[in-house]
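User: I have a model to go through with you. I want the criteria behind each label.

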Amino acid sequence: MSDRNIDSRLKWTAPALAAGWFLILSGLVGTHVACAGSETADNKACLRCHQMTTLAYRDPETGKIVDLSIDPKALSHSAHGELACSDCHAPDFERYPHPQRLKNESLSCVRCHEGQDDAAERLYRFETIDEEFEHSVHATSDDPKVAGFSCHSCHDPHAFRNSQVGEDIAQIVRADNAICLSCHTKVQDPLRDPHTWLPNREKHQESVRCLDCHTPVSEDGQTVSHQILAGKDSNRDCVNCHSKKPQLLNRLYQYRSETDLANQGWVSKAVFNEAYVVGMSRSPLIDRLALAIIGITLLVLGAHGYGRYRAHRRSKEDQA
């Protein structure tokens, strides 16, 4: 929700909110919300206030509207949907009004995820994410617009969900690019878009993720990188994508390969998914098999021709 929409809604809802807060305060002041109980009770208690779409305040220092509303449906379908609010937020939030000291609560995604039992077994570690982010333009730029940039600047913890195997690749591209476009609005302006050099610009934006060009090539086979590069350092070489072994698109195509494998089996993975350009396989195995078939076919034809020739000579000799 934009600042303008929230601000306008705050104006006409002020009396209603005042009355609502009076009722809430009358029932909650001096008591503890049952946030330490079951996950259902915990989230219901917190969402009693936070599911209101007009729950927001204006930061006195920056003048920006801070939206405190949470969509219960989005939360339930998010990566954190099975967690209780108190699993991430400090226990002191169970008291209402919330203590002022909690206003600037700092949540560490890395500390939480690396503390899980299966952290060491994951292919993509959150420590790696943290290291990549430290070299990202979002962390190194002195632009005031990225001051205080963190994981939550891109990933809403109450709505973010991982791309799933079997999910449509076009949907993954749209969802990932929407994160970037929520801040980089200039890209959507055809007169100011810095991608004017790119042939078939709209087609590219529909087919690949922003990060496929704006992150460095990774040698460890990761499907994504959090080291976002500045525009001047990003890929402008068409060959990195439009080649037999595209260095950048491998991350997206690996995921598509997993998707096709889950849906249609290894034949689809080997033949259809590996063909980036029609008529050219990106699978070395398929290339070798094709060359072997061609070679065997030529040998059979050659042997057959030679046999016919020998039979013809023998027939001539017999007649003589």
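User: What makes the link between the side chains of Asp233 and Lys232 a polar contact?

Analyst: This is a predicted model, so local features need pLDDT of at least 70 and side-chain atom pairs count only at pLDDT 80 or more, while totals for chains, interfaces and linings use all residues. Residues are numbered from 1 along each chain as its sequence is written, and side-chain values use heavy atoms, with hydrogens and water left out. A polar contact is a pair of N or O atoms within 3.5 Å; within protein, one must be able to donate a hydrogen and the other to accept it, and residues adjacent in sequence count only if both atoms are side-chain atoms. The side chains of Asp233 and Lys232 are in contact at 3.4 Å, so the label applies.

User: Why is Asp233 called partly exposed?

Analyst: Its relative accessible area is 46%. Buried means under 20%, exposed over 50%, partly exposed in between (1.4 Å probe, protein chains only). Therefore Asp233 is partly exposed.

User: And why is Phe133 called buried?

Analyst: Phe133 has a relative accessible area of 19%, so it is buried.

User: What makes Phe133 and Phe149 a stacked pair?

Analyst: Rings of Phe, Tyr and Trp (its six-membered ring) pair if their centres lie within 6.5 Å; planes under 30 degrees apart count as stacked, over 60 as edge-to-face and the rest as tilted. Phe133 and Phe149 show 6.3 Å centre to centre and 25° between the planes. Hence they are stacked. A search of the whole structure finds one aromatic pair.

User: How do you know that Arg236 lies over the face of Trp197?

Analyst: The test wants NZ of Lys or CZ of Arg within 6 Å of the ring centre and within 35 degrees of the ring normal. Arg236 is at 4.2 Å from the ring centre of Trp197, and lies over its face.
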